[in-house]
Amino acid sequence: MRIGDAAAATGLTPRALRYYEQRGLLTTRRTPSGHRDYTPEDVRHLRAVRELLAAGLTIEDVRTLVAALAALPQDRRGVSPTTAGPRADGEPGLCTLPNMIVRRRLAYLDERIERLTRLRGGLAQRVGGPLRDLGRDLAPARTPAAG
């Protein structure tokens, strides 16, 4: 299928599909005329990429996962991540790598939330009073109501 059909099937834009290809998240085949040709497997792959990005992983996180899956022997690609343990060479296996990536992303988000919470508290403390004073200074003068 052509890029427009693949984009519609995945809920993405053609531009996003080209970007994902450029960033190494997907390799597409080309027709003899040079057009991208997407398969149903590519569509499933793109939907998974979209979901991982929506869940909070970065392009780099997803690219690492895609590369790890591509490095698996063809007969192991359909294996459940819970049954694929560490590799013989000591590198993380299919199960370990996604967990490491997710834990790293969660730790980063926790640090960022903590930092932003501190910044928010500091801003509210330092600027809260001056903004209230400024609001009073800018408010129209009140005159006693005629009785």
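**Close-up 1. Salt bridges in the predicted model.** This is a predicted model, and the count of salt bridges in it comes to eight. Why would such pairs turn up at all? Side chains of opposite charge can pair when their charged atoms come close. The next two views pick out a few of these pairs.

**Close-up 2. Glu 21 and its two arginines.** Start with Arg 36, which forms a salt bridge with Glu 21, with the closest N and O atoms 2.5 Å apart. This pair ties together distant parts of the chain: Arg 36 sits in strand β2 and Glu 21 in helix α2, 15 residues apart. Are these two residues buried or exposed? Both Arg 36 and Glu 21 are buried. Glu 21 also meets the side chain of Arg 30 in a salt bridge, at 3.8 Å from N to O. Arg 30 itself is partly exposed, with a relative accessible area of 45%.

**Close-up 3. Arg 29 reaches Asp 42.** Here the salt bridge runs between Arg 29 and Asp 42, and the closest N and O atoms are 2.5 Å apart. It's another link between distant parts of the chain, with Arg 29 in strand β1 (residues 29-30) and Asp 42 in helix α3, 13 residues apart. Arg 29 is partly exposed, with a relative accessible area of 39%. Asp 42, on the other hand, is buried, with a relative accessible area of 6%. Back at the previous view, salt bridges with shared partners join Glu 21, Arg 30 and Arg 36 into one network.

**Close-up 4. The buried side of helix α1.** Helix α1 spans residues 3-10, and its buried residues are Ile 3, Ala 6, Ala 7 and Thr 10. They cover an arc of only 100 degrees around the axis, so they lie on the same side of α1. What covers them? The cover includes α2 (14-22), β2 (36-37) and α3 (40-54). Look just after α1 and you'll find Gly 11, which takes a positive phi of about 75 degrees.

Close-up 5. Which residues of α2 are buried? They are Ala 16, Leu 17, Tyr 20 and Glu 21. Their arc around the axis is only 140 degrees, which means they sit on the same side of α2. The buried residues of α2 are covered by elements including α1, β1, β2, α3 and α4. After α2 comes Gly 24, and its phi is positive, near 85 degrees.

**Close-up 6. Where α3 packs on α4.** Two packed helices are described by the angle between their axes and the distance between the axes. For α3 and helix α4 (residues 59-71), the angle is about 140 degrees and the axes are 9 Å apart. The two helices are therefore oblique to each other, and their crossing is right-handed. On the α3 side, His 45, Val 49, Leu 52 and Leu 53 meet Ile 59, Val 62, Leu 65 and Val 66 of α4.

**Close-up 7. A closer look at Leu 52.** Leu 52 is found in helix α3. At 31% relative accessibility, it counts as partly exposed. Leaving aside residues up to four places away in sequence, Leu 52 touches Leu 57, Val 62 and Leu 65. The C-alpha atoms of Leu 52 and Val 62 are separated by 7.0 Å, with the two residues 10 apart along the chain.

How values were computed: Residues are numbered from 1 along each chain as its sequence is written. This is a predicted model: local features need pLDDT of at least 70, side-chain atom pairs count only at pLDDT 80 or more; totals for chains, interfaces and linings use all residues. Side-chain values use heavy atoms; hydrogens and water are left out. Buried means under 20% relative accessible area, exposed over 50%, partly exposed in between (1.4 Å probe, protein chains only). Helices (H or I, at least four residues) and strands (E, at least two) are DSSP runs, numbered from the N terminus. The arc is that of the directions from the helix axis to the C-beta atoms. Contact means heavy atoms within 4.5 Å. A salt bridge is a side-chain nitrogen of Lys or Arg within 4 Å of a carboxyl oxygen of Asp or Glu. Axes are lines fitted to C-alpha atoms, for helices over the stretch in contact, and angles run from 0 to 180 degrees between N-to-C directions. Angles under 35 degrees count as roughly parallel, over 145 as roughly antiparallel, 65 to 115 as roughly perpendicular and the rest as oblique. A crossing is left-handed if the near helix is turned anticlockwise from the far one by less than a right angle, and right-handed if clockwise.
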